[in-house]
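Please look through the sequence and the three-dimensional model shown here before reading on.

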Amino acid sequence: MPEFTAITPTALADLIAARAADLPGHAVIAIDGADAADPVPLARAVAERLRTSGRPAAVVSLHDYVRPASLRLEYDPTDEFTYRTAWFDYAALRREVLVALREQDRWLPALWDEHADRSARARHRGAAPDTVLLVAGPMLLGRDLDFDLTVALRMSEGALRRRTPPADQFTVAAVLAHQAAPDILVAWDHPDRPAVRA
């Protein structure tokens, strides 16, 4: 059973930023967390620390890499298997963020506008030397995505159900079914009082 040590949210962001700062060249970090875990603010806090220290950094939200509604909702809009396997465009994320950063010194901040259900019409951004991108969203691990550092904001089923809106309860089973071991495991049932695996 992993042992966890209590940590403040500020210290957690500091810890991830310190690990990221040690990575050479361009680097991509996964902040894996269900929507209930709200991983984007943590990713932004880490990116801000990196930029303050002089390292270029930016955040990519997985919700900017959803598939069109015609594909997401083709079979059943509340099917957990579809949510787990067809909701997000992980292949595009690999191509436009991980590979593009490392091989072309550029990256695409968004592919699809989830709310308008159309292309995000974003332009590729050039990457300065040693850029760090933090990708935040659900079920990022175990996708054959070559991240340089992985962080998982792990929540119990009870916490997920309490923090997930009724219309999205079908996503809980998918999140619980798709878990993989990260480099940094964070107990996130209480985001104001997290604990990190020692």
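The largest cavity has a volume of about 130 Å³, where a cavity is, on a 1 Å grid over the protein atoms alone, a set of points at which a 1.4 Å probe fits but cannot get out; grid points are joined across faces, edges and corners, and a volume is the space filled by probe spheres set on the points. A search of the whole structure finds 1 cavity of 30 Å³ or more. This is a predicted model, in which local features need pLDDT of at least 70 and side-chain atom pairs count only at pLDDT 80 or more, while totals for chains, interfaces and linings use all residues. Residues are numbered from 1 along each chain as its sequence is written, and side-chain values use heavy atoms, with hydrogens and water left out.

The lining of the largest cavity consists of 15 residues, of which Asp32, Leu153, Arg154, Val175 and Gln179 lie nearest its centre, a lining residue being one with an atom within 4 Å of a point. Strand E9, residues 149-154, gives the most to this lining, with 3 residues; here strands (E, at least two residues) and helices (H or I, at least four) are DSSP runs, numbered from the N terminus. By class, the lining of the largest cavity divides into 10 nonpolar, 3 polar and 2 charged residues, with Ala, Val, Leu, Ile, Met, Phe, Trp, Tyr, Cys and Pro counted as nonpolar, Asp, Glu, Lys and Arg as charged, and the others, Gly among them, as polar.

Open space is treated separately, a pocket being an open set of points with protein on both sides within 12 Å along at least five of seven lines. The largest pocket has a volume of about 230 Å³, and of the 16 residues that line this pocket, Asp35, His63, Tyr83, Asp168 and Thr171 lie nearest its centre. The elements that give two or more residues to the lining of the largest pocket are helix H6 (157-163) and helix H7 (170-177), and the largest share, 4 residues, comes from H7. The lining of the largest pocket has 9 nonpolar, 3 polar and 4 charged residues.

Helix H7 also has an inward side to consider. Within H7, Phe170, Thr171, Val172, Ala174 and Val175 are buried, where buried means under 20% relative accessible area, exposed over 50%, and partly exposed in between, with a 1.4 Å probe and protein chains only. The buried residues of H7 pack against helix H4 (80-86) and H6. In helix H4 one finds threonine 85, which counts as partly exposed because its relative accessibility is 36%. A polar atom of the threonine 85 side chain lies 2.8 Å from the backbone oxygen of phenylalanine 81, a polar contact being a pair of N or O atoms within 3.5 Å in which, within protein, one must be able to donate a hydrogen and the other to accept it, and residues adjacent in sequence count only if both atoms are side-chain atoms.

Which residues touch the most other members of the largest nonpolar core? Of its 66 residues, they are Ile16, Ile31, Leu42, Leu93 and Leu134, a nonpolar core being a set of buried Ala, Val, Leu, Ile, Met, Phe, Trp, Tyr and Cys residues joined through side-chain atoms within 4.5 Å. Leucine 42 touches Leu12, Ala13, Ile16, Ile31, Leu153 and Trp188, not counting residues up to four places away in sequence, with contact meaning heavy atoms within 4.5 Å.

Threonine 131, in the loop between strand E7 (125-126) and strand E8 (132-137), counts as buried because its relative accessibility is 5%. The side chain of threonine 131 reaches the backbone oxygen of alanine 128 at 2.7 Å, and, leaving out residues up to four places away in sequence, threonine 131 touches Gly25, His26, Ala27, Pro56 and Leu101. Valine 196, in strand E11 (residues 195-197), is buried, with a relative accessible area of 11%. Apart from residues up to four places away in sequence, valine 196 touches Glu3, Phe4, Thr5, Ile7, Leu15, Ile184, Leu185 and Val186.

Aspartate 105, in the loop between helix H5 (90-104) and strand E4 (106-107), has phi near 55°, a positive value in a residue other than glycine. Aspartate 117, in the loop between strand E5 (112-113) and strand E6 (118-119), has a positive phi of about 55° although it is not a glycine.
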